[in-house]
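The sequence and structure are shown below.

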Amino acid sequence: MSIPEAIKQLRRELGITQEELGKICGTSPITVSRWENGVSIPGKKSAEQIMALADDSAASESCKEYLQRVFQISRRKVKGASASGFPALDMEVLNQVVDHGVDVIYIVDYETHVILYANIEAERVSGKSIYEADDRRCFRFFLNKNRPCDICMLNRGWTDKRIEDVLVSKAYGLKYRMRQKGILWQGRKYVVIYLQNITEVLKLEQDTKDMAET
């Protein structure tokens, strides 16, 4: 059983929602959804809270054993630290940092063009949740196009070097600085894409230029 399946099993046995589990773990329902969709995994603190919930509830022994196995932690609280002696940086903290950044960030499978991860800002800009979308290919999800954008690495060819362009979104009437970088994970190619809204910056630069010329 995988982590997503184990968490779903626990929720089913306890009859709780993603929102209720999120409150117990001090996180959001969308984060729980990401755990259950295999997009991200619970950090150490959240994993221990889930284990504690299972131990203190009516969850079956098999469910508890599954959770212990997939999290690979003892069913007693363990204090974690990094090799440097500083507290280990929890994956949940990293997720929150990315989610609450001002840039759109998403990760796409190079072969299928399907979005594997999108931060909260990406979903805010698109106006919909990636986990509820019928078509998760990036060009359909964000721009309702039939193929990747011309400047996208998915169209130009994969590279592990960072490339940068300006993306003009007619659908939203905005301009973005688009940074892309190819990564390899478990022998498969992915593309990490960062979008920074530069519409107002470019407008200000143009206004300043126009004033200087008058």
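Contact here means heavy atoms within 4.5 Å. The model is predicted, and local features need pLDDT of at least 70, side-chain atom pairs count only at pLDDT 80 or more, and totals for chains, interfaces and linings use all residues. Residues are numbered from 1 along each chain as its sequence is written, and side-chain values use heavy atoms, with hydrogens and water left out.

With neighbours within four places in sequence set aside, Leu195 is in contact with Asp103, Val104, Tyr106, Leu167, Tyr176, Arg177 and Met178.

## Nonpolar cores

A nonpolar core is a set of buried Ala, Val, Leu, Ile, Met, Phe, Trp, Tyr and Cys residues joined through side-chain atoms within 4.5 Å. Buried denotes under 20% relative accessible area, exposed over 50%, and partly exposed in between (1.4 Å probe, protein chains only). Helices (H or I, at least four residues) and strands (E, at least two) are DSSP runs, numbered from the N terminus.

The largest nonpolar core has 24 residues, and those with the most contacts inside it are Tyr106, Ile115, Cys138, Ile193 and Leu195. Among the elements that give two or more residues to this core are helix 7 (120–126), helix 9 and strand 5 (188–197). Helix 8 provides the largest share, 4 residues. A second, separate core of 19 residues includes Cys25, Ile50, Cys63 and Leu67.

## The cavity

On a 1 Å grid over the protein atoms alone, a cavity is a set of points where a 1.4 Å probe fits but cannot get out, and lining residues have an atom within 4 Å of a point. Grid points are joined across faces, edges and corners, and a volume is the space filled by probe spheres set on the points. The count comes to 1 cavity of 30 Å³ or more, and the largest cavity has a volume of about 170 Å³.

The largest cavity is lined by 16 residues, of which Tyr106, Phe142, Leu143, Leu167 and Leu195 are the closest to its centre. Helix 8 gives the most to this lining, with 4 residues. By class, the lining has 15 nonpolar, 1 polar and no charged residues; Ala, Val, Leu, Ile, Met, Phe, Trp, Tyr, Cys and Pro count as nonpolar, Asp, Glu, Lys and Arg as charged, and the others, Gly among them, as polar.

## Aromatic pairs

Rings of Phe, Tyr and Trp (its six-membered ring) pair if their centres lie within 6.5 Å; planes under 30 degrees apart count as stacked, over 60 as edge-to-face and the rest as tilted. The whole structure holds 3 aromatic pairs. The rings of Phe141 and Phe142 have centres 5.0 Å apart and planes at 80 degrees, so this pair is edge-to-face. Phe141 is buried at 2% relative accessibility, and Phe142 is buried at 10%. Ring pairs join Tyr106, Phe141 and Phe142 into a cluster.

Trp185 and Tyr190 form a tilted pair, 6.3 Å centre to centre with 55 degrees between the planes. Trp185 is exposed, with a relative accessible area of 52%, whereas Tyr190 is buried, with 10%.

## Individual residues

His113, in the loop between strand 1 (104–109) and strand 2 (115–118), has a positive phi of about 70 degrees although it is not a glycine. His113 counts as buried because its relative accessibility is 17%. Asn144 lies in the loop between helix 8 (138–143) and helix 9 (153–156); its phi is also positive, near 55 degrees. Asn144 counts as exposed, at 55% relative accessibility.

Methods:
On a 1 Å grid over the protein atoms alone, a cavity is a set of points where a 1.4 Å probe fits but cannot get out, and a pocket is an open set with protein on both sides within 12 Å along at least five of seven lines; lining residues have an atom within 4 Å of a point.
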